[in-house]
Amino acid sequence: MENYDFVIIGGGPAGIGFLLQISKDFRNILLLEEKRIGGEIFYAHKITNFPAFNEIDGKTICFRFKNQVKKFKSNIKFEKVLEIECYKNFVLVETEKNQYKSKYCIVATGRKEKILKKYSKLDLKNRYDSIKGENICIIGGGEVALDQSLTLFEQGKIITIISSGNFNKVNMELLKSVKRVARKIYIFSKIIDLQKVNEKYRITFQNKEKIYTKFFDDIILSIGSIKNLPKLKNRNERIYFCGSVKSKKLKQGSISFADGVKLAMKLSIKLKGVRNENGF
Ligand SMILES: Cc1cc2nc3c(=O)[nH]c(=O)nc-3n(C[C@H](O)[C@H](O)[C@H](O)COP(=O)(O)OP(=O)(O)OC[C@H]3O[C@@H](n4cnc5c(N)ncnc54)[C@H](O)[C@@H]3O)c2cc1C
């Protein structure tokens with residue numbers, strides 16, 4: 001079984017921030033990523049809050065992250081982690097292909113979309129899926145929902161947004177852009193029913209006192225996120241969380257990246273002390 005000082009799970013901004021910083025002091029590192037280097041920021045339409053870029057899209061950021069970690073090619077494997085088990089002196093990380101032993105494990109697995117359990121059989125889409133048809137409804141009112149509507153508008157889709165709130169948590173610049181392109185936006189709306197009827201989605205919702213029923217080619221759910229965690233057994237001090245998996249307060253790419261760098265600095269200082277005391 002391969003042995004490491006650090007196994008990092010997740011190659012999004014948090015995992016990359018950790019890798020870049022920890023590699024200044026340690027060499028025996030493995031980063032495990034399920035899909036792609038760069039993580040969720042891949043889906044961002046227009047990013048204006050990243051250091052050193054006036055404006056950049058998510059796909060380009062991922063491309064640049066990929067280039068930046070090229071020199072760590074031998075430290076990166078594309079495998080999905082299924083289970084993490086903590087022991088007194090090591091952590092066992094199990095993927096679909098292998099098992100790895102590590103002194104420490106960094107969990108930087110981000111967040112995943114919430115689903116509407118009541119309608120889980122309806123095959124409602126989220127940002128990972130390909131969207132069919134032209135007439136699209138987005139259910140949700142956060143920045144991710146709005147950002148997604150801009151991406152879809154550029155792909156030629158007609159966008160309707162149904163939100164239970166009034167966008168008070170999203171930034172004004174984004175909201176202004178979306179108002180310019182969306183066909184219709186319903187705020188303070190409550191979903192009453194969702195059905196699939198002859199390959200279309202029929203949605204019934206209440207907006208103020210009025211009940212509406214509308215048909216769409218496809219529906220995207222963007223109603224918030226939850227922690228995206230592999231199975232975790234016997235959590236102890238050998239495991240650290242970083243980036244947006246820790247809290248939804250950290251759900252900006254640059255904050256996640258900085259959290260990875262910060263954690264690596266903290267651990268480097270702590271472990272170099274132990275290493276020096278032991279004379280190696
Ligand atoms: C549409 C959209 C627009 C956005 N716009 C902006 C913006 O303008 N500015 C900004 O700063 N942020 C933006 N964000 C938020 C930003 O993408 C996230 O805050 C950031 O990506 C979080 O970084 P992270 O590393 O914590 O998690 P993630 O980016 O989610 O990375 C986690 C990584 O872990 C991997 N992973 C998960 N589970 C496993 C497993 N079991 N095994 C192996 N690998 C696993 C995932 O594949 C992923 O690559 C946007 C996000 C979206 C979706």
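## Ligand contacts

In this predicted model, an N or O atom in the side chain of S256 lies 2.8 Å from an oxygen atom of the ligand. A polar side-chain atom of N49 is 2.9 Å from a nitrogen atom of the ligand, and a polar backbone atom of E40 is 2.9 Å from an oxygen atom of the ligand. A polar contact is here a pair of N or O atoms within 3.5 Å; within protein, one must be able to donate a hydrogen and the other to accept it, and residues adjacent in sequence count only if both atoms are side-chain atoms. The protein buries 93% of the 990 Å² that the ligand exposes when taken alone (accessible areas by the Shrake-Rupley method with a 1.4 Å probe; for residues, only the protein chains shown count as cover).

The ligand is surrounded by 37 residues, the closest being E33, V81, S244, G253 and S256; a residue is near the ligand if one of its heavy atoms lies within 4 Å of it. Helices α1, α3 (143-154) and α5 (253-277) each contribute at least two residues to this shell, and the largest share, 3 residues, is supplied by α5.

## Helix α1

Helix α1 spans residues 13-22 and is mostly covered, with 10 of its 10 residues buried. Among them are P13, F18, L19, L20 and Q21. Buried means under 20% relative accessible area, exposed over 50%, and partly exposed in between (1.4 Å probe, protein chains only). Helices (H or I, at least four residues) and strands (E, at least two) are DSSP runs, numbered from the N terminus.

## Sheet β11-β12-β13

Three strands form an open antiparallel sheet in the order β11-β12-β13. Because β11 (189-197) and β13 (210-216) stand at the edges with a single partner strand each, one side of each lacks a neighbour in the sheet. Strands pair if DSSP finds at least two bridges between them.

The antiparallel pairing of β11 with β12 (residues 200-207) extends over 8 bridges, and L194 stands opposite I203 in β12.

## Cysteines

The whole structure contains 0 disulfides, a disulfide being a pair of cysteine sulfur atoms within 2.5 Å. The closest cysteine sulfur to that of C86 belongs to C105 and is 7.2 Å away, too far for a bond. C86 is buried at 5% relative accessibility, and C137 is buried with a relative accessible area of 0%.

## Basis of the values

Residues are numbered from 1 along each chain as its sequence is written, and side-chain values use heavy atoms, with hydrogens and water left out. In this predicted model, local features need pLDDT of at least 70 and side-chain atom pairs count only at pLDDT 80 or more, whereas totals for chains, interfaces and linings use all residues.
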